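Keep the viewer open and click along as you read.

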Amino acid sequence: MQLRFFLFERHRDKTALVVAVALSIFLMTRDDGGKAATARAFSAVLLGPAVRVGAYFDSMEELRSENRRLRELAASLYHERERLVRQGRERDRLRRLLELREKSPFRFLPCEVIAHSSSRFHQAVTVDRGEADGARAGMAVVGYRGLAGRVTQTFENTSRVLLINNKAIAVSCRDHRSGVVGILEWERGNLFRLEYVGREEDVAPGDTLLTSGLGRLFPEGFPVGTVFQVSTEPGNLSRRIGVVSMADLHKLEELFIVVSGEGWDAEAVFDELQRREGGGETP
């Protein structure tokens, strides 16, 4: 280390001169072939770092180009995935629609939700079917999974649907397993209470509630909700029954207006609504 410091740090100029003189004498003593080989060796040593730097930048440019191609491929695959997801949803929607039409004795008017009510206390949606399509105020509205609401106002090409998660709507329901009948009333969100059920009545968590048809406002047999809680408080003659709706009432996109069906007298429903509205009763 001391010799290196002495030669290349303290006497760098003299050391370089001695090396150059020695190299010149060495080259003069060699033939032409030896001189060329020696020159190539020194060139490789002196130019090696520059060559490696050039190769490094070439590889970086290749990486950037490869990165751009991979990004384009990722974007293409992402859009292809979104297209396939949309097609899958459309296929499932058509399949559910076909099953609903084949299995149900009712005739439906398919419609799409085009607007949601902005009020927290008056849950309603607007659908893209109106009087020109045969919609009338009072008709029940269902989704793929169950009851959604009732048409309350119609226009030429649109209708307003009041959803069942409103204090203004009470639905007569029947326990599908035991046949117990109660009145479904909205509590909050997608949660409801089944009222007017005695403490000795047979209702259990997991039971499915269907429209009973007894109120004459909704056709019989449509799923409404599932019982998730049953409790009896001391001193009360009735039970507290918690129900969650079948349909996610906050994410409705496609609905079906029940136009007619076996065993359901639509005209009687309209007459009943007019009677209640005329008498100031809550529908």
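The points below go through the pocket, the barrel and the cysteines.

1. Before anything else, keep in mind that this is a predicted model.

2. Start with the empty space. Rolling a probe the size of a water molecule over the atoms shows where empty space is left. Here, the largest pocket comes out at about 440 Å³. It is lined by 15 residues, and those closest to its centre are Arg96, Tyr144, Lys251, Glu253 and Glu254.

3. What sort of residues make up the lining of the largest pocket, by class? Ten are charged, four are nonpolar and one is polar. Helix H3 (residues 32–103) gives the largest share of that lining, with five residues.

4. Now look for the barrel. Six strands close up in the order S1-S2-S5-S4-S3-S12, and their pairing is antiparallel. On average, neighbouring strands in this sheet are turned by 45° against each other, ignoring direction.

5. For a closer look at one pair, pick strand S4 (residues 147–154) and strand S5 (residues 159–163). These two are joined by five bridges and pair in the antiparallel sense.

6. Last, the cysteines. A disulfide is a covalent bond between the sulfur atoms of two cysteines. How many disulfides does a search of the whole structure find? The count is zero. As for Cys111, its relative accessibility is 5%, so it counts as buried, the cut-off being under 20%. Cys173 has a relative accessible area of 1%, so Cys173 is buried too.

Note on methods. Residues numbered from 1 in each chain as written. Predicted model: local features only at pLDDT ≥ 70, side-chain atom pairs only at ≥ 80, totals over all residues. Heavy atoms only, no water. 1 Å grid on protein atoms, 1.4 Å probe; cavity = no way out; pocket = protein on both sides within 12 Å on 5 of 7 lines; lining within 4 Å. Points joined across faces, edges and corners; volume = space filled by probe spheres on them. Helix = DSSP H or I, 4+ residues; strand = E, 2+ residues; numbered from the N terminus. Nonpolar A, V, L, I, M, F, W, Y, C, P; charged D, E, K, R; others polar. Pairing = 2+ DSSP bridges. Axes fitted to C-alpha atoms, helices over the stretch in contact; angles between N-to-C directions. Disulfide = S-S within 2.5 Å. Buried < 20%, exposed > 50% of the residue type's maximum accessible area, 1.4 Å probe, protein only.
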